[in-house]
Amino acid sequence: MARRVAIIGGGSSGLCAIKACLDEGLEPVCFERSGDIGGLWRFEEKPEEGRASIYRSVIINTSKEMMCFSDFPIPDDFPNYMHHSKIMEYFRMYARRFDLLRHIRFRTSVRRVAKRPDFATTGRWEVETESEGKQESAIFDAVMVCTGHHCEAHLPLHTFPGIEKFKGRYLHSRDYKEPQEFMDKRVVVIGIGNSGSDLAVEISQAAKQVFLSTRRGAWVLNRVGQQGYPIDTIITTRMKIILKYLLTASVASDYTEKQLNMRFDHINYGLKPNHRVLDQHPTINDDLPNRIISGRVLVKPNVKQFTETSAIFEDGTKEDIDAVVFATGYSFSFPFLEGYVKVVENQVSLYKYVFPVDLEKPTLAFIGYIQPLGAIMPISEMQSRWATRVFKGK
């Protein structure tokens, strides 16, 4: 009898987890809480509880060459950088090609995953699910967690004194959908990650003024690299990786920072961070320098406090504002996992980012819990291949 594997989540990681199970002759059962595949990449007008949420214009910032699954290239006529609707189209083609959908139970959420009494010898899990108010329980030989890390908004309001007095509107970036909501308003966007810079640029096309508040700046890369090639295909080559190892990290950073400052000097634009470019996740945005140089986006330091109608920044400046968008990222947790893994300060300790180290049997795997430089999809695919072979004792 084939070993049964429970897969939690039907997004980009869940899909390749199902396929890896099929490749290894395991029997996958995927539980997806919503009514469709795609996870983060499926746009919905209204954010759904417990599911990642994106805005209408989102374009991925890794190229199709670097994000496709290894055995299913993205079609030639798709653009290098895909809109979320194209990414969904690709996932649907992938699911059809490998007949993955029949292994997914939609509108089914996982309530609890617990070790069986004989876990020390069998490594088996009991998985309790709920679908349309009906609860079920089943036993699985292994579990793959593919729920992603963009579900719960991280909204640190306690670090922004006075926000409770603020009379305008404030929201987390996951609740933002389109710029028309901010027509002719004065808006502060807090955070300069990929969402924060995207939103600042987009809202600045409708708003009266956008202030982009950043605690520590960012190195900004553009999607379009030298000669118009996708930047990730230029940066991520074997040769560049070898060079990075041969040179010291600091020399490699010097070179990269010099290239980035040739496009626009980060100091002049108020964006230069204290950290080196290779030490942190960079921000990818083609339009931000244009919006700053045309005054549509004004870069500001951290907000010190809010009043009823304004924001006061750490450099002492004060601006009247109508709305605040917190692009302060996400936190993740596994409420269904009964404390088998601990999330501490948004980090979870896993061997090679996949296996919890203190289980008697390696039958629980986390797929896609890594913040890579570049696309998650090929990494999730390799993690899934590895995990399924470990489940089989290979």
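# Strands, rings and a pocket

User: Which residue in S18 is the bridge partner of Val 187?

Analyst: Ala 323 is the partner of Val 187 there. Keep in mind that this is a predicted model, with local features needing pLDDT of at least 70, side-chain atom pairs counted only at pLDDT 80 or more, and totals for chains, interfaces and linings using all residues. Numbering runs from 1 along each chain as its sequence is written, and side-chain values use heavy atoms, leaving out hydrogens and water.

User: What makes S10 and S18 a pair of strands?

Analyst: Strands are DSSP runs (E, at least two residues; helices are H or I, at least four), numbered from the N terminus. Two of them pair if DSSP finds at least two bridges between them. S10 (residues 186–190) and S18 (residues 323–326) have four, in the parallel sense.

User: Where do they sit in the sheet?

Analyst: The sheet is open, has five strands with parallel pairing, and runs S9-S18-S10-S11-S14. S9 (169–172) and S14 (297–300) each have a single partner strand, so one side of each lacks a neighbour and they stand at the edges.

User: Why is the pair of Phe 69 and Phe 91 called tilted?

Analyst: Rings of Phe, Tyr and Trp (its six-membered ring) pair if their centres lie within 6.5 Å; planes under 30 degrees apart are stacked, over 60 edge-to-face, the rest tilted. By this rule there are 27 aromatic pairs. Phe 69 and Phe 91 have centres 6.3 Å apart and planes at 35 degrees, so tilted it is. Phe 69 lies in the loop between helix H2 (64–67) and helix H3 (84–97), and Phe 91 in H3, so the pair ties together parts 22 residues apart in sequence.

User: How do you know whether Phe 69 is buried or exposed?

Analyst: Buried means under 20% relative accessible area, exposed over 50%, partly exposed in between (1.4 Å probe, protein chains only). Phe 69 has 0%, so buried, and Phe 91 is buried at 0% too.

User: Why is the pair of Phe 211 and Phe 313 tilted?

Analyst: The planes of Phe 211 and Phe 313 stand at 45 degrees, with the centres 6.5 Å apart, so the pair gets that label. Phe 211 is in strand S11 (residues 209–213) and Phe 313 in strand S16 (residues 310–313), 102 residues apart. Both Phe 211 and Phe 313 are buried.

User: What makes up the lining of the second largest pocket, by class?

Analyst: Four nonpolar, three polar and five charged residues. Ala, Val, Leu, Ile, Met, Phe, Trp, Tyr, Cys and Pro count as nonpolar, Asp, Glu, Lys and Arg as charged, the others, Gly among them, as polar. The lining includes Tyr 55, Asp 198 and Arg 223.

Technical notes
On a 1 Å grid over the protein atoms alone, a cavity is a set of points where a 1.4 Å probe fits but cannot get out, and a pocket is an open set with protein on both sides within 12 Å along at least five of seven lines; lining residues have an atom within 4 Å of a point.
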